[in-house]
Amino acid sequence: MARNYFKITFFLLVVSFLFFASCHAFADSITDSGGSDFEIFDSLPFGPSRCVVVKDEIVFMGAGGVILVYDTKNISAPEKKAEIRIPGIIMKMAISRNLLYIAAGNDGMYVYDIKDSISPKRILHLSFVKWCSSISVSGGLLFLGQEGSLRVFKINTTNPVDISLIKEISIQGQVENILFEGDMIFASCRSGGLYVFNLKDDFKTLRHIFMQGKTTYALADFQGHIYFNLGSTICALDTKRLTYKKILSLSGPKKIYQILIKNNYAYIYFDELIYVFQIKTPFSLKYKGKNSLPGDHIRQGVMYKNYMYTSAEDAGTVIFDVSVPEKLALKSKIEASGEISGVIVDNNNLLVSDYKGLSIYNITDPLKLESSDKVFIKYPGITKARISQNRMFILYESPDYGPSYVDILEMPEFKKTQSIKFPGETYDIQVRGNKLFAIDAHHLYVYDTNSKQSPKLEYSVSVPGFLRYINFYQNTLFITEYNSLDSDPDMLAFSLDTNGRVIKKRLISHAKINPLGEYVQGILNTNYFDKLLEYGPYTYVTKNRMLYVFLKKSNDLELLDSVLLPDTIRDFSIKQRQNGMYLYLALEDAGLYVFKYVVAQ
């Protein structure tokens, strides 16, 4: 008999037709080799907040595949007015006159007419092969930052839909921010440093400042100088001489994402911290204070009047009063969903985890999910949840980037009965019976979680590479191993005995190991995968944005289908219904997608 933890009434969610109308690459990516079929059944494309722009007290916040529109005339109580849904991920936005320009990751670039902010109207969509990461508009020119290039378009000011490409500039890395100063254009590139181009001389490169292993995100201008970062060091570039000095270093293994300047004060976004410095001279900064959003990543912001609108991945848009810079007083928040890290189907309940907690939906009737109607269990820092034998295993991080923990909860009451503290940050867990398998960067840990005693570490295995994902396939435990963080990973295969102990370890790299290894190397054209799930006669495998479906045949696997998703697949789960399989996929930044999958008889 199916268990019902909660009685929840759901409202019908109407999925935007734009997904079908504008994302042709998505549909074209489906391989229908077995006569089977994927159908988009539902989506909740809400994700982490990466950018925010403001026009006349109207806030546009990018959150996954949605732009939330809020009126902030009452700064203490922002009021939601509208939302814009697109198939991609909102990476950056820019406003010029009454037009909103959007860099949408893999889905290209959008332009919306926002003269009526309550009813934004899409007027243009351009698709590109390369990932679109940043966008800026100035003087009738549109600059679109991508992976490996900066594209320059001329805008017809009398007809803004008429946009023509006039230049494509090759650069190193992904463009993060674009800034203008006189006849010069400045572009910060994540792994490529700072570029300076001459607007009047066919965009000739005037200067390239680069330091190996140092990321560059931030850009800000102040009295003829450009502030940028090389890793955790702030530099100031003289725009006349094009010489620069290192003026400030911040401590810690964190990233500087942005620098904002207002009234001789610099506001530096350093992961979850906002530092405030008074600018005495362009090369001299004096510390004045800081504020923080613990455990979050503060990505981008904008100044408007006496307020700083700050985009934080999990918190959403946080509004600070900067009239007294040293105080940096928090005025209000516009909530975002945050990054979805895991999804589980347990009988008639769908459990979706993000870094704030666990959302539980009743899916007895396959009505569309409505994000506003759910049961929510607060669990800060949660990264994974698994279920075994009526127990839930919740993996979560400490807010200070310390060790990870697993709490074991008895269901359906969700009562905590046991807890495990790991030596360091733990990336993934799987559970079989009473055995908990967990990985950190270099170790596999196996715990006995018998309910009659406290969890006991049975054994651990050391691995020289960097471990990320852990999966079961029959009696084999697969672990994704990176030899370096910049290379494609290999797969470690651990054969287990009936007691869950390792009896053999193999490396899947250049050798084909049946049945799964052959397909990992042949059909997927690589030697690794991310997540794997067996369900009946089918095996589901993910790699980055791809989902593959295999049919198990004796000691072999037959590829039935594949589909390309808008973003990297973090986790997925399945529910069997009479009319087909329902696949629930947690995408890294694009939210939750639900597919109905029917195999032809």
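Lys596 is part of strand 50, strands being DSSP runs of E with at least two residues, numbered from the N terminus. This is a predicted model, in which local features need pLDDT of at least 70, side-chain atom pairs count only at pLDDT 80 or more, and totals for chains, interfaces and linings use all residues. Residues are numbered from 1 along each chain as its sequence is written, and side-chain values use heavy atoms, with hydrogens and water left out.

Lys596 counts as buried, at 17% relative accessibility; buried means under 20% relative accessible area, exposed over 50%, and partly exposed in between, for a 1.4 Å probe and protein chains only. Neighbours within four places in sequence aside, Lys596 is in contact with Asp37, Phe38, Glu39, Phe41, Asn579, Met581 and Tyr582, where contact means heavy atoms within 4.5 Å.

## Salt bridges

The structure holds 23 salt bridges, each defined as a side-chain nitrogen of Lys or Arg within 4 Å of a carboxyl oxygen of Asp or Glu. One of them joins the side chains of Arg50 and Asp589, at 2.8 Å from N to O. Arg50 lies in strand 2 (residues 46-55) and Asp589 in the loop between strand 49 (580-587) and strand 50 (591-598), so the pair ties together parts that are 539 residues apart in sequence. Arg50 is buried, with a relative accessible area of 13%, and Asp589 is buried at 6% relative accessibility.

Another salt bridge links Asp71 with Lys73, at 3.3 Å from N to O. Here Asp71 is buried, with a relative accessible area of 13%, whereas Lys73 is exposed at 57% relative accessibility. Through shared partners, salt bridges also join Arg50, Arg299, Glu313 and Asp589 into one network.

## The second largest pocket

The second largest pocket has a volume of about 720 Å³. A pocket is an open set of points on a 1 Å grid over the protein atoms alone, where a 1.4 Å probe fits, with protein on both sides within 12 Å along at least five of seven lines; lining residues have an atom within 4 Å of a point. The volume is the space filled by probe spheres set on the points, which are joined across faces, edges and corners.

The lining of this pocket comprises 28 residues, of which Ile178, Gln258, Gln300, Gly301 and Val302 lie nearest its centre. Elements giving two or more residues to the lining include strand 2, strand 20 (256-262) and strand 24 (298-304). Strand 12 gives the most, with 5 residues.

Terms used: Helix = DSSP H or I, 4+ residues; strand = E, 2+ residues; numbered from the N terminus.
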